[in-house]
Protein chains: 2
Amino acid sequence: MKQALARYLPCLEWAKQYDRAAAAKDSLAALIVTLMLIPQSLAYAMLAGLPPVTGLYASILPLLAYTLFGTSRTLAVGPVAVVSLMTAAALGPLFAAGSAEYVSAAMLLALLSGALLLLMAALRLGFLANFLSHPVVSGFISASGILIALGQLKHILGIQVHGENAPTLLLGLLSGLPQVHLPTLAIGAGSLLFLWLVRSRVTGWLQALGMDARLASNLSKIGPVIALLLAIAAVSLLQLGEAGVRVVGEVPTGLPALSLPSFNLALAWQLMPAALLISLVGFVESVSVAQTLAAKRRQRIEPNQELVALGGANIAAALGGGFPVTGGFARSVVNFDAGAQTPLAGALTAAGIALTLLFFTPLFHNLPHAVLAATIIVAVLSLVDLAALKRTWRYSRQDASAMAATMLGVLLVGVEAGILLGVGLSLLLFLWRTSQPHIAVVGQLPGSEHFRNVERFAVIQSKKVLSVRVDESLYFPNARYLEDRIAALVGQHPQAEHLVLMCPGVNLIDASALESLEAITVRLHAAGVQLHLSEVKGPVMDRLRRSDFLQHFGGRVFISHYEALLELDPQTTEQALKRQQGTPKLANPLTHSLKETHDENRT
Amino acid sequence: MKQALARYLPCLEWAKQYDRAAAAKDSLAALIVTLMLIPQSLAYAMLAGLPPVTGLYASILPLLAYTLFGTSRTLAVGPVAVVSLMTAAALGPLFAAGSAEYVSAAMLLALLSGALLLLMAALRLGFLANFLSHPVVSGFISASGILIALGQLKHILGIQVHGENAPTLLLGLLSGLPQVHLPTLAIGAGSLLFLWLVRSRVTGWLQALGMDARLASNLSKIGPVIALLLAIAAVSLLQLGEAGVRVVGEVPTGLPALSLPSFNLALAWQLMPAALLISLVGFVESVSVAQTLAAKRRQRIEPNQELVALGGANIAAALGGGFPVTGGFARSVVNFDAGAQTPLAGALTAAGIALTLLFFTPLFHNLPHAVLAATIIVAVLSLVDLAALKRTWRYSRQDASAMAATMLGVLLVGVEAGILLGVGLSLLLFLWRTSQPHIAVVGQLPGSEHFRNVERFAVIQSKKVLSVRVDESLYFPNARYLEDRIAALVGQHPQAEHLVLMCPGVNLIDASALESLEAITVRLHAAGVQLHLSEVKGPVMDRLRRSDFLQHFGGRVFISHYEALLELDPQTTEQALKRQQGTPKLANPLTHSLKETHDENRT
């Protein structure tokens, strides 16, 4: 009971040893992350098509939930760019951005996403995240970054543009150029320049002025909050709001009321695919950040419990008027670098955001959209890694194709289409790769009991017995290929009376492959050839015994391939054993046996 | 040029040696198959929701196309039960059965299916059929058989029932019982009894009367045509048509006009998923029949050319007023047993059907639907194999789950839902299975240079060096699992300074796994541990050299694991080499090396 509690509430673990030193460090980290999170959460809410204040709402309860359930000591949960874009893509076609229905649907999306994560935890379905291969995730994030940046340019230019993909956004921006609002552009471009300088130069300048490196780095993280304050000051003093600069406007003061999103079954069903993709993408991103940070301090995270924690965080987001959240990359690194010791830093951050909501919301009235857009653009462009495509192409064309398909899909059609295209293509390529295992005809190495590929070694083949080695488990992706190849091989060896399948590389024979073996047996019998097996592994043999294949197939299962040949064609085999080796490839087959077996497996 | 022609027109091959003996045998086979095909094609057209005559149309041009392009000598192409059911499932919700739009859409479906098959041939996508694992196909066929039989019972009972799944069909049949039409029931039940006797008993009786076994068997195949004639005679003599027995009615005389189905892009797009499933299911069934028959005479079929031939057959079906076709099981076996030598038997069968259309269609006016339904029921029930579920469960619960899901899906929802459910579940289970490869910590076998699983052998482990062996290729399904496991192992071995990954079982490292290795390297560095590799296969090494991993990871790649340990922890390794073996499990590691390596790989 206590163990189960400790497993599902990892906070019990670190709370036991919590002391003042840890509290001091957590508090400092929380302060810095809070100052970083305020502009980000407002901006990502805008990106998601929601009123900026919902970003603050999504940065309270989810952080508390993660503090209770999370296994990473330093992961910082909250709104993140890619998930906000996916939220906008899912809800944009259904409701008017910012409307009450839209806000309610975003809460529903968070609820569904949280429920799916909990379901995956309960059913141990975390492996589903494997569907998102690295090339697909990398291509998805780069293309999403470009798409987000393009989508935010309208706020920098102060024009109206609609579109879900790169071509329509570009076209809209171009045709909108004559309407550019200059005061907005001034704020937007100024913010971009300021944020770029803060990100790339300021740490160096501060260090040159003699500041400690860590302090300088932490100070540079609150650049966005300074940009916010400067922009608010400019708008207020110059009355730019009246001059047509779009500002956030009235922000309700006070904490969000706890409430369940109105549950509409038809809508829930419609949002389910988006919720699933959001869950998987969020989980993959979050776990990889958490794992990287945990390793730096030789800590551990528990992927299945992370599903629980992220599920809890999203359900908390839904209850507290927010939208889908996950662990953020930049924010978690800042939290880690600022010295956070435990997830309590997250709870303290939540407290900071709550204080902001209680006391500072009037400040945000004059916050221009342009500066939020600049925050987003600078953040997402750092995620774009186009060189990855080239690197991957050099390493594997198949993987690069999956990456390119994902990117093109995201840019030309939309986020969901892109990710589905990428996942579909990687599965296809995977299946194609695994559907054609290496199958070699083998013969006896003269002077030894070893059997090798006839195409690579000067070996002796029995005329009566065809020896075939399969270098892969036998399962449905390659079951029919095996049938084809054996049919072809028997056609090429008309004198064969026996076919021995050498199975040292077979770790599994599934039901499809068993059916194929049965079909092969029947067809070989019809052609007057008997099938045998050799070197079948223990677990595979145990399973075969549970079918009636061994009783019906009429052949034998030999411990070693040599023994099979000795039994089925003693003359050839004994002669070969006595013969001197003619090939220079192997000086002494016995001492090389282990290495050579491995070397030749695949070629 | 000539070679390419021979490849795409396999008929050139057998036509060269065609002689009178072959012609005689082909003619006899064609006669028997024609007599078998007439009732089947009428019945399967009815099953597909089409006017019975379209079944005859679908049995002319497709057979000629297969004669030209097919690589099987004995496959009999034409309408088959499962594909007809899938046609009905695809078109039923869209148009009124038997209407002109329905007929035209069926032609379009055949065209799409043919085009997809040709596309698969051109892009070498035949491996897509691997998605349909044996358990899924077997479950699909059994459940379809039950569904078809249930659907045909209304014709036997002479009532009206609508429904696409087992529960609605059963409910409809039960509520329709009071309206049973007795004359129809008499014909239907009589036909069922007659066909069952012909199928199960008549061959034995004829042999008891001294008839040759093959002749008796062939005679029993024309049972359905006799049932047809008897029913027509009964209806005509007793004027049952006027008594309310549903008959086929006016059947147009003459060959179908060649025409393209009216091409409607929106409809084509809507039918695409059904066309894809029909193509795949048809291909899988046809190829497995063709392969079984070819093996009996040590002939070969060429799966990729079969895609061309079936594609051609379906396009021919579309042009000739038919609907989707494929190679039929029972019909092909009859063709083979009757002695067909070449695909010309198929062309002769087509001629037989053409003659039927020209001269005998008036006969079919009084053909009752009930006897066609009886033909279908007897044919499909022989495909139902419920015991397969039990057999598969005993062998593998995962495979049995996929089979059960397919069956339940087909019976409770419909054919498409069932097959998608089964394919989805088998992919999920496959991914799950492959996502958790066997990863073992290994240690040195005392007195040897061999390294074995610490859990199975009394081995010596270095404190400084953690040795880990992976028994699977590293690719996206297991890349993250590897990260998790290595993180866990390093956590358990706090004294380790080096981690050597032993890779004899790794046949591939894809881009996802490469990223994972890079992440592992970074995390290990952060924890003060250096990663190394050992026993990497040549092709894998070649590929790694194309990335910059080897330059950056900071470790070394050792030829053998022993060499790695000798370098990284010489003291422990040399001591272990000198020690006598303490374990009784291996008497002499050198002579057992090959076998033991294989035996322990997986456990």
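This is a predicted model: local features need pLDDT of at least 70, side-chain atom pairs count only at pLDDT 80 or more; totals for chains, interfaces and linings use all residues.
## Two helices side by side in chain B

Let's start with a helix pair: Thr184(B), Ile187(B), Gly188(B), Ser191(B), Leu192(B), Leu195(B), Trp196(B) and Arg199(B) of α10(B) meet a set from α17(B) made up of Ala370(B), Val371(B), Ala373(B), Ala374(B), Thr375(B), Ile377(B) and Val378(B).

As for the geometry, α10 covers residues 182-208 of chain B and α17 covers residues 369-381 of chain B, and their axes come within 8 Å. The two helices cross at roughly 35°, and the crossing of α10(B) and α17(B) is right-handed.

The predictor puts the ipTM of the complex at 0.72 and the pTM at 0.74. Chain A has an average pLDDT of 87, with 96% of its residues scoring at least 70. One stretch to treat with care is residues 583-603 of chain A, where the pLDDT is below 50. That stretch still has 36 contacts in the model beyond near neighbours in sequence.

## Where the chains meet

Chain A puts 63 residues into the contact, and chain B puts in 63 residues as well. On the side of chain A that touches chain B, the elements giving two or more residues include α8 (134-157), α13 (265-296), α20 (415-434) and α22 (511-526) of chain A. Another of these elements is α27 (589-600) of chain A. The largest share on this side comes from α21(A), with nine residues.

What is the class make-up of the side of chain A that touches chain B? It has 25 nonpolar, 20 polar and 18 charged residues.

## The sheet in chain A

Chain A has an open sheet of six strands, ordered β4-β3-β5-β6-β7-β8, and the pairing is mixed. At the edges stand β4 (451-453) and β8 (557-558) of chain A; each has a single partner strand, so one side of each is left without a neighbour in the sheet.

Further in, β3 (residues 439-444) and β5 (residues 465-470) of chain A pair in the antiparallel sense, over three bridges. Ile439(A) has Val470(A) in β5(A) as its bridge partner. Helix α21(A) packs on this sheet, touching β3, β5 and β6 (498-502) of chain A, and its direction makes about 155° with that of β5(A).

Over in chain B, six strands make an open sheet with mixed pairing, in the order β4-β3-β5-β6-β7-β8. Which strands stand at the edges? They are β4 (451-453) and β8 (557-558) of chain B, each with a single partner strand, so each has one side left without a neighbour in the sheet.

Strands β6 (residues 498-502) and β7 (residues 530-534) of chain B run parallel and are joined by five bridges. Leu499(B) has Leu531(B) in β7(B) as its bridge partner. Lying across β3 (439-444), β5 (465-470) and β6 of chain B is helix α21 (residues 476-492), which runs at about 155° to β5(B).

## A residue worth a look: Val333(B)

Val333(B) sits in helix α15 (residues 329-337) of chain B. Why does Val333(B) count as partly exposed? Because it has 16 C-beta neighbours inside 10 Å, whereas a buried residue needs 20 or more and an exposed one has 12 or fewer. The C-alpha atoms of Val333(B) and Thr74(B) are separated by 8.1 Å, with the two residues 259 apart along the chain.

Key: Residues are numbered from 1 along each chain as its sequence is written. Chains are lettered from A and ligands numbered from 1 in the order in which they are written. Helices (H or I, at least four residues) and strands (E, at least two) are DSSP runs, numbered from the N terminus. Two strands pair if DSSP finds at least two bridges between them. Two residues are in contact if their C-beta atoms, placed from the backbone, lie within 7 Å. Axes are lines fitted to C-alpha atoms, for helices over the stretch in contact, and angles run from 0 to 180 degrees between N-to-C directions. pLDDT is the predictor's confidence in each residue, from 0 to 100. A crossing is left-handed if the near helix is turned anticlockwise from the far one by less than a right angle, and right-handed if clockwise. Ala, Val, Leu, Ile, Met, Phe, Trp, Tyr, Cys and Pro count as nonpolar, Asp, Glu, Lys and Arg as charged, and the others, Gly among them, as polar.
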